[in-house]
Amino acid sequence: MTITTFLASVILALTLALPVAAQEASPLADRIDARATEIDDQVITWRRDIHQHPELGNREFRTAALVADHLRSLGLEVRTDVAHTGVVGLLRGGQPGPVVALRADMDALPVTEMVDVPFASKVRTQYNGREVGVMHACGHDNHVAILMGVADILASMREDLPGSVKFIFQPAEEGAPAGEEGGADLMLAEGAFENPKPEVVFGLHVGTRPVGTIWYRPNGTMASSDGLRIVVRGRQTHGAVPWGGVDPIVVASQIILGLQTIASRQLDVTATASIITIGSIHGGVRGNIIPDEVVMTGTIRTFDSEIRKDIHRRVRHTAEHIAESAGATAVVRIAYGYPVTFNDPALTEQMAPTLKRVAGPDKVFLSPPITGAEDFSYFAQEVPGLYIFLGVTPEDQDPATAPRNHSPLFFADESALNVGVRVLANLAVDYMAQH
Ligand SMILES: [Zn+2]
Ligand SMILES: [Zn+2]
């Protein structure tokens, strides 16, 4: 390399570096930090109150009222009863700019709390005809308190806000009760993203990672989750005379093994992960009768919407043709669950510096793909989205063995709340400042 080309490349590098320099903290960042510290105790109080009064999906009446009252007290335009108990608040900034959506889910789970804290839940209720304990075992109490804090902070700087913020408090992320609809897709159907439509959406979930750390991943970050049901029909016969009928138990066994070759033999395993699980199989009543029918149910997980469609096609093809080869039939039903939670790669790249600046450069990590599913995915299908994970495992615990989300022992270290509040507030403000 000559000196001239060296200098040219330095100049080029400096030019290329400019957009990064433009991603430095917005003038509002210091004010966000200061206000976040001021409201730290308030956010913790909200979180404990919500934790102590958990409500199941589509029944978040108290939580929604708490949220709506708070948003109204800040002067936001508030819509309630969206998708049953959802709350949408709009904060119009004083400066022109884009609309950014921030989302928190509000529902708890039918889990009996076993954590020994003064604000542990003692709530019991009816669920699917049984009495159950109710607990914020997935940590959504943290999400609600964090987003209430963010609303406070951004409302305090409304005149200087270069754009508007839509606060989405969503019911029933864990699924609606049997026979009901609910969650993100119903909120969208009821206009949560209309008047005005946001340009981007951000959200976070707490989990068992070191407290205060942030984890993110571009592209497919959480899996799609589809239900699978296969009915294999043969023809009943004596167990000693299999040639007198068609044995659906042997056919079902072949189908189970055939399905396992889709991910391992037919798809490019280096491109993306996928899972096909058969979790239940039922057929027959006694050992010497080959039955008419076997029913299997399972789940399909993928990280790419095209591969999701491809796997559905291959599952049908494999089951139907294996059955046909034995003179049986297989009827495959795939029930669409949550889509892939897809982090827009350009948005993720654009916002990563904000995550590092706010949480600390040594506290931000690339997340592995997570095979659980999340209905934030519906919002991120409508507009570019970024969904991140916030560690809440106390420093003296090993995140690898700490009780996970949905455990009756799931515990969140509240010092993470401040990080969550500042991260979401800064994501909103930095996005606005950059557009
Ligand atoms: Zn959950
Ligand atoms: Zn959750």
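This is a predicted model: local features need pLDDT of at least 70, side-chain atom pairs count only at pLDDT 80 or more; totals for chains, interfaces and linings use all residues.
In which helix is His143 found? Select His143 in the viewer: this residue is found in helix H5.

**Stop 1: His143 and its surroundings**

With His143 selected, display its relative accessibility, which is 2%; the residue therefore counts as buried, the limit for that term being under 20%. The side chains of Asp105 and His143 are joined by a polar contact of 2.6 Å. Leaving aside residues up to four places away in sequence, His143 touches Ala104, Asp105, Leu204, His205 and Val206.

**Stop 2: the zinc ion (ligand 2)**

Select the zinc ion (ligand 2) together with Cys138, His140 and His205. The ion is coordinated by SG of Cys138 and by NE2 of both His140 and His205, at 2.0 to 2.4 Å. Along the sequence, these donor residues follow the spacing C-x1-H-x64-H. His140 lies in helix H5 (residues 140-156) and His205 in strand S7 (residues 200-210), so this pair ties together parts that are 65 residues apart in sequence.

Are the two histidines buried or exposed? His140 is buried, at a relative accessible area of 0%, and His205, at 8% relative accessibility, also counts as buried.

Now bring the zinc ion (ligand 1) into view. Cys138 bridges this ion and the zinc ion (ligand 2), and the two ions lie 3.1 Å apart.

**Stop 3: strand S7 and the sheet**

S3 and S7 pair in the parallel sense over four bridges. To locate one bridge, select Ala101, whose partner in S7 is Val201.

Widen the view to the open sheet of eight strands, which has mixed pairing and the order S1-S2-S6-S3-S7-S18-S8-S17. Strand S1 (77-82) and strand S17 (364-366) stand at the edges; each has a single partner strand, so one side of each is left without a neighbour in the sheet. From one strand to the next, the twist averages 25 degrees.

**Stop 4: the S4-S5 hairpin**

Finally, select residues 124-127, strand S4, and residues 130-133, strand S5; these strands pair in the antiparallel sense over four bridges. Thr125 has Val132 in S5 as its bridge partner. The two strands form a hairpin with two residues between them. In the turn, select Asn128, which has a positive phi of about 50 degrees.

Conventions:
Residues are numbered from 1 along each chain as its sequence is written. Chains are lettered from A and ligands numbered from 1 in the order in which they are written. Side-chain values use heavy atoms; hydrogens and water are left out. Donors are N, O and S atoms within 2.8 Å of the metal (3.2 Å for Na, K and Ca); water is not among the atoms, so sites may look incomplete. Buried means under 20% relative accessible area, exposed over 50%, partly exposed in between (1.4 Å probe, protein chains only). Two strands pair if DSSP finds at least two bridges between them. Axes are lines fitted to C-alpha atoms, for helices over the stretch in contact, and angles run from 0 to 180 degrees between N-to-C directions. A polar contact is a pair of N or O atoms within 3.5 Å; within protein, one must be able to donate a hydrogen and the other to accept it, and residues adjacent in sequence count only if both atoms are side-chain atoms. Contact means heavy atoms within 4.5 Å.
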